[in-house]
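Please look through the sequence and the 3D structure shown here before reading on. The briefing that follows takes up strands, helices and backbone angles in turn.

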Amino acid sequence: MKVVHSKSNLRAARALLPANTGFVPTMGALHAGHMALVEAAHAASDAVIVSIFVNPTQFGNPEDLAKYPDTLEADLAILKAAGVDLVFCPTAAQMYPDGADTIVETPKLAGMLMGALRPGHFRGVATVVTKLFNLVQPARAWFGQKDYQQVLVIQQMVRDLELPVEIVAHPTVREPDGLAMSSRNLRLGADDRAASVVLSQALGAAQTMASQGATPRQIVDAICAQISTEPRATLQSVDLRDATDLSELPDAPLTAPAVLLLAADFGPVLLIDNAVLTP
């Protein structure tokens with residue numbers, strides 16, 4: 001496995017890899033969810049590139065950025081054992097040199113839901129992913145569906161900018177108790193970690209309600225009430241939207257798949273989760 005830290009070395013190493021190269025962009029602190037993406041990329045590609053870069057432009061809170069886990073040495077060992085061909089670990093100065101001024105944004109998608117809760121977040125995501133795609137030139141790139149809105153933002157960006165990369169959304173990987181795997185989970189205290197399962201439990205309850213013909217308002221009200229019974233959870237948002245474009249739904253029983261998106265604070269840690277509900 002080759003590890004590079006500069007854009008010039010990345011381009012030189014990429015030139016030696018086949019056209020059918022898959023790409024998994026990460027911010028490190030790797031867990032089984034990331035490795036499921038790497039495994040899927042291996043199955044569909046002749047070579048796999050992984051990036052590890054904690055992107056400062058997608059963090060609205062400097063403290064959140066400062067507290068993001070740094071496990072680079074362990075991450076590289078995991079990726080080497082998984083047979084990854086190339087790892088790109090740039091600095092912020094490499095990705096955003098002095099004078100850099102261009103941004104990439106999908107205003108409609110970036111301004112709603114989690115984008116409204118975290119202003120500028122998806123602009124930072126879209127900008128850095130565009131830069132990484134231009135550097136890596138992958139045939140396909142894998143993203144976890146836990147960040148549902150992020151996947152839609154990237155798919156929109158790729159379509160609109162005519163980028164020659166296929167975006168593959170991978171199902172959310174969960175802990176045995178249902179908690180969606182996330183690097184943020186490392187920051188949960190024991191009590192908050194135990195309480196966090198209320199999110200996946202709420203998603204299961206929502207699917208039952210959707211199957212029984214409940215309306216979006218009934219589902220959202222019930223899920224808000226359920227999560228609010230957990231004293232360690234501070235609910236930030238519960239939204240039920242069209243699964244294809246996150247548009248608002250009529251308040252009638254579902255006739256097509258809809259995505260339920262949850263966000264709640266557990267102590268200082270914001271957790272998100274989602275599930276596509278079927279009628």
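Which residues point one way from S8, and which the other way? Ala258, Leu260, Leu262, Ala264 and Phe266 point one way, whereas Val259, Leu261, Ala263 and Asp265 point the other way, and all are buried, where buried means under 20% relative accessible area, exposed over 50% and partly exposed in between, with a 1.4 Å probe and protein chains only. This is a predicted model, in which local features need pLDDT of at least 70 and side-chain atom pairs count only at pLDDT 80 or more, while totals for chains, interfaces and linings use all residues. Residues are numbered from 1 along each chain as its sequence is written, and side-chain values use heavy atoms, with hydrogens and water left out. Helices (H or I, at least four residues) and strands (E, at least two) are DSSP runs, numbered from the N terminus.

- Strand S8, which covers residues 258-266, pairs with strand S7 in the antiparallel sense over 9 bridges, and two strands count as paired if DSSP finds at least two bridges between them.
- Along this pairing, Val238 has Leu262 of S8 as its bridge partner, and Asp242 has Ala258 of S8.
- Strand S7 (residues 233-242) is mostly covered, with 7 of its 10 residues buried, and S8 is mostly covered as well, with 9 of its 9 residues buried.
- S8 also pairs with strand S9 (residues 269-277), again in the antiparallel sense and over 9 bridges, and here Ala263 stands opposite Ile272 in S9.
- The hairpin of S8 and S9 has 2 residues between the strands, and in this hairpin Gly267 takes a positive phi near 65 degrees.

**The parallel sheet**

- An open sheet is formed by 6 strands in the order S1-S4-S3-S2-S5-S6, and their pairing is parallel.
- Strand S1 (2-4) and strand S6 (166-170) stand at the edges and have a single partner strand each, so one side of each is left without a neighbour in the sheet.
- Neighbouring strands of this sheet are turned by 25 degrees against each other on average, direction ignored; axes are lines fitted to C-alpha atoms, for helices over the stretch in contact, and angles run from 0 to 180 degrees between N-to-C directions.
- S1 and strand S4 (residues 86-88) run parallel and are joined by 3 bridges, and Lys2 has Leu86 in S4 as its bridge partner.

**The helix pair H11 and H12**

- Helix H11 (residues 198-211) and helix H12 (residues 216-228) have axes that come within 10 Å and cross at roughly 155 degrees.
- That makes H11 roughly antiparallel to H12, because angles under 35 degrees count as roughly parallel, over 145 as roughly antiparallel, 65 to 115 as roughly perpendicular and the rest as oblique.
- The contact, meaning heavy atoms within 4.5 Å, is made by residues including Val198, Leu199 and Met209 of H11 and Ile219, Ile223 and Ile227 of H12.

- Most residues other than glycine have a negative phi.
- Leu113 has a phi near 50 degrees, a positive value in a residue other than glycine; Leu113 is placed in the loop between helix H6 (107-110) and helix H7 (114-117) and is buried, with a relative accessible area of 15%.
- Leu246, which is not a glycine either, has a positive phi of about 65 degrees; Leu246 lies in the loop between S7 and S8 and counts as buried at 0% relative accessibility.
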